[in-house]
Each structure stands twice: as structure tokens, then as C-alpha cells.
Amino acid sequence: MDQLRNFGFLLRDVSRLHVQRFEQHAKELALTLPQCKTLAKLEANEGVSQARLAELAELEPMTMVRILDRMEADGLVERRPDPHDRRARQLYLTDKARPLVAEIWRLADETRGELFAGVSLRDRKQFMAILARIHANGQALAAQPGPTR
């Protein structure tokens, strides 16, 4: 059988296994994957709105509200007034959250290392370059209108 026929199935299953393994590691931090995504995306985008952070983390807005309410109560995020829109709030990590985000990235590195076990650095780099090209192709196709029949 042509191995390429299973491309989508294999890609989806690898993604599932990667998430599953990361979640096992994240239990050490008592965090869920959506919470980890929220903190990681906020680290790279401090000052964003709640709605924008939900988009970046690929979470529903109501889910993001619950996550942020909990993280604010835990002292991990801070909501500040937006100087340009008095109805809006901007989000920032607190100093308490920064070591936690560093630990999330460490666990992500560990998980990736486990999945790439036995794959040479050269092959890892080649794989990532190919995957980036496939991703770019997919993004270009997503921007086009769908086929009509």
C-alpha cells in the first residue's frame, strides 16, 4: 500500500500522541493543556485582549474567560485597563507566572525529545523543513476559495 495514503491519519495520530504525552508531563504542574497554551501564548503576546488571546490559543471565548478568571485568582495573570479603550482590558503575566511558563517550555522540550528519540539531528531538521513547507502549502490553499462542483 502507498504510504502517502495514510499521511493524514498518521499526522493526526502523531499530534494526538504528542498532546497526550505533554498532558502527562503537565500533570506535574497541575495544569491542563488549555491553561498551558494560554500562558505560553500570553508570554509572547502580553498586552492582548481576552478575545485575541482566545484566538491565539484556539480556545472558545467563554473557555478563555474561565481560564483567565482562575489564573487571575491564582495570581498568574493580571488584567489591566486598556489606555485606548476604557471598556477593554489588556492581559499580562505576573512575576509568579514566569517560572511556570519556563517550566511549560521545558516540558514541551522534553516531550518533543521523547517523540524524536532515535531520529538524528539532521533528520529532525529535514523533517521540520518539510513539515513547514507542507504547512505553508496548506495555508495558501486555505486562503483560496474552495472547489465548486
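This is a predicted model: local features need pLDDT of at least 70, side-chain atom pairs count only at pLDDT 80 or more; totals for chains, interfaces and linings use all residues.
Residues are numbered from 1 along each chain as its sequence is written, and side-chain values use heavy atoms, with hydrogens and water left out.

Let me start with the empty space. Rolling a probe the size of a water molecule over the atoms shows where such space is left. On a 1 Å grid over the protein atoms alone, a pocket is an open set of points where a 1.4 Å probe fits, with protein on both sides within 12 Å along at least five of seven lines, and its lining residues have an atom within 4 Å of a point. Grid points are joined across faces, edges and corners, and a volume is the space filled by probe spheres set on the points. The largest pocket here has a volume of about 1300 Å³, and of the 30 residues that line it, Val14, Ser15, His18, Arg112 and Leu131 are the closest to its centre. Two or more lining residues come from each of α1 (7-26), α2 (33-44), α5 (97-115) and α6 (121-142), where helices (H or I, at least four residues) and strands (E, at least two) are DSSP runs numbered from the N terminus. The largest share, eight residues, belongs to α1.

Now to helix α2, which has 12 residues and reaches 17 Å from its first C-alpha to its last, close to the 16 Å expected at 1.5 Å a residue; that expected span is 1.5 Å times one less than the number of residues. Its buried residues are Gln35, Cys36, Thr38, Leu39, Ala40 and Leu42, where buried means under 20% relative accessible area, exposed over 50%, and partly exposed in between, with a 1.4 Å probe and protein chains only. Why does Gln35 count as buried? Gln35 does so because its relative accessibility is 14%. Leaving aside neighbours within four places in sequence, Gln35 is in contact (heavy atoms within 4.5 Å) with Ala30, Ile67 and Met71.

Next come the charged pairs. Side chains of opposite charge can pair when their charged atoms come close. A salt bridge is a side-chain nitrogen of Lys or Arg within 4 Å of a carboxyl oxygen of Asp or Glu, and a search of the whole structure finds 15 of them. In one of these, Glu55 pairs with Arg52, the closest N and O atoms being 2.9 Å apart. Because they are three residues apart in helix α3, Glu55 and Arg52 are separated by about one helical turn. Another salt bridge joins Arg79 to Glu72, with the closest N and O atoms 2.6 Å apart, and a network of salt bridges links Glu28, Glu103, Arg106 and Glu110.

Ala30, although not a glycine, has a positive phi of about 60 degrees; Ala30 is found in the loop between α1 and α2, and at 66% relative accessibility it counts as exposed. Glu58 is not a glycine either, yet has a positive phi of about 55 degrees, and Glu58 is found in the loop between α3 and α4.
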